[in-house]
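Reader: Could you walk me through this one? I'd like to go over the helix packing and then a few individual residues.

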Amino acid sequence: MATHLDLEEQEQLDRLKAFWNTYGTLITWVVLLAAASVMAWNGWQYYQRRQAAQAAALYDELDRAVQAGEADRVQRAFDDMKARFPRTAYAQQGALLAARSLNDKGRAEPSRAVLAWVAEQGSDPGYQAIARLRLASELMQAKSWDEALKQLAAPVPKEFEALVADRQGDIHAAQGKREEAAAAYRKAWSAFGPGNEYRRLVEIKLNSVGVDPATLAAPAAGAAKTTP
């Protein structure tokens with residue numbers, strides 16, 4: 001009996017050796033790669049958390065500078081954030097905050113440069129759209145009409161399209177181009193949809209360029225009546 005068991009154990013051991021000789025290297029590499037992947041993932045998560053914490057600290061510094069009304073300090077804090085953490089949400093939020101503060105302090109060029117950075121380099125389409133809208137407004141104040149419209153020509157998320165059209169209407173209206181302004185305001189009016197509070201402001205703008213908003217809803221009402 002002992003001899004029979006010894007032979008079975010020896011056969012199993014031989015099969016195990018043969019299996020390992022065939023697949024042992026592959027198994028070792030798979031295990032090593034899996035372990036490396038776990039370590040890399042954990043390392044990446046740690047790096048992301050560390051980046052976010054440091055970016056948050058810089059954002060707090062920027063916010064304190066804004067509250068203190070110190071434009072130079074605002075610019076330094078933003079420049080530091082942009083250099084070290086450009087892809088974080090904090091950098092884009094900080095840029096919008098810094099731009100507003102700089103503009104309020106009469107530093108139009110630095111403000112526009114900050115907004116242009118977000119519009120061109122931002123990692124979030126929403127922040128990019130906000131930056132373009134605000135940059136267009138600042139350029140409009142400087143009467144840089146073509147540059148303002150150029151900012152609004154870039155694609156934006158759908159939820160910003162109505163605001164873009166409204167801003168385009170403002171620029172055309174400021175230039176005295178009533179037809180172009182009316183076309184842009186019509187687009188904005190339709191995009192905002194019924195029940196949107198901002199639509200009421202667009203209606204006032206439409207009246208200012210000679211368009212009665214009631215006439216815009218008339219075709220839709222007529223179509224509804226003829227629907228069987």
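Predicted model: local features only at pLDDT ≥ 70, side-chain atom pairs only at ≥ 80, totals over all residues.

Reader: Let's begin with helix 4 and helix 5; at what angle do their axes cross?

Author: The axes of helix 4 (residues 108–121) and helix 5 (residues 125–141) cross at roughly 150 degrees and come within 8 Å. Because angles over 145 degrees count as roughly antiparallel, helix 4 is roughly antiparallel to helix 5.

Reader: And is that crossing of helix 4 and helix 5 left-handed or right-handed?

Author: The crossing of helix 4 and helix 5 is left-handed. On the helix 4 side the contact is made by Ala108, Ser111, Arg112, Leu115, Ala116, Val118, Ala119 and Glu120, while helix 5 contributes Tyr127, Gln128, Ala131, Arg132, Arg134, Leu135, Glu138 and Leu139.

Reader: What does the contact of helix 4 with helix 5 look like by class?

Author: Sorted by class, this contact of helix 4 with helix 5 has nine nonpolar residues, two polar ones and five charged ones.

Reader: How do helix 3 and helix 5 pack, then?

Author: Helix 3 and helix 5 pack at an angle of about 15 degrees, and their axes are 11 Å apart, so helix 3 and helix 5 are roughly parallel to each other. Helix 3 passes helix 5 in a left-handed crossing.

Reader: Which residues make that contact of helix 3 with helix 5?

Author: Helix 3 brings Ala89, Gln92, Gln93, Leu96, Ala99, Arg100 and Asn103 to the contact, and helix 5 brings Tyr127, Ile130, Ala131, Arg134, Glu138 and Gln141. The residues of this contact of helix 3 with helix 5 divide into six nonpolar, four polar and three charged.

Reader: Changing topic: how many aromatic pairs does the structure hold?

Author: The structure holds three aromatic pairs. One of them is formed by Tyr59 and Tyr90, whose ring centres are 6.0 Å apart and whose planes stand at 50 degrees, so the pair is tilted. Tyr59 lies in helix 1 (residues 2–68) and Tyr90 in helix 3 (residues 89–104), so this pair ties together parts that are 31 residues apart in sequence. Tyr90 has 31% relative accessibility and counts as partly exposed.

Reader: What about Phe192 and Tyr198?

Author: Phe192 and Tyr198 form an aromatic pair that is also tilted, at 4.9 Å centre to centre and with 35 degrees between the planes. Phe192 counts as buried at 15% relative accessibility, whereas Tyr198 counts as partly exposed at 27%.

Reader: Now the backbone: what is the phi of Lys143?

Author: Lys143 has a positive phi of about 60 degrees although it is not a glycine. For background, most residues other than glycine have a negative phi. Lys143 is found in the loop between helix 5 and helix 6 (145–152), and at 61% relative accessibility Lys143 counts as exposed.

Reader: Last one: where is Lys177?

Author: Lys177 has its place in the loop between helix 7 (161–174) and helix 8 (178–192), and Lys177 is partly exposed, with a relative accessible area of 37%.

Methods. Residues numbered from 1 in each chain as written. Heavy atoms only, no water. Axes fitted to C-alpha atoms, helices over the stretch in contact; angles between N-to-C directions. Helix = DSSP H or I, 4+ residues; strand = E, 2+ residues; numbered from the N terminus. Parallel < 35°, antiparallel > 145°, perpendicular 65-115°, else oblique. Left-handed = near helix turned anticlockwise from the far one by under 90°. Contact = heavy atoms within 4.5 Å. Nonpolar A, V, L, I, M, F, W, Y, C, P; charged D, E, K, R; others polar. Phe/Tyr/Trp six-rings, centres within 6.5 Å; stacked < 30°, edge-to-face > 60°. Buried < 20%, exposed > 50% of the residue type's maximum accessible area, 1.4 Å probe, protein only.
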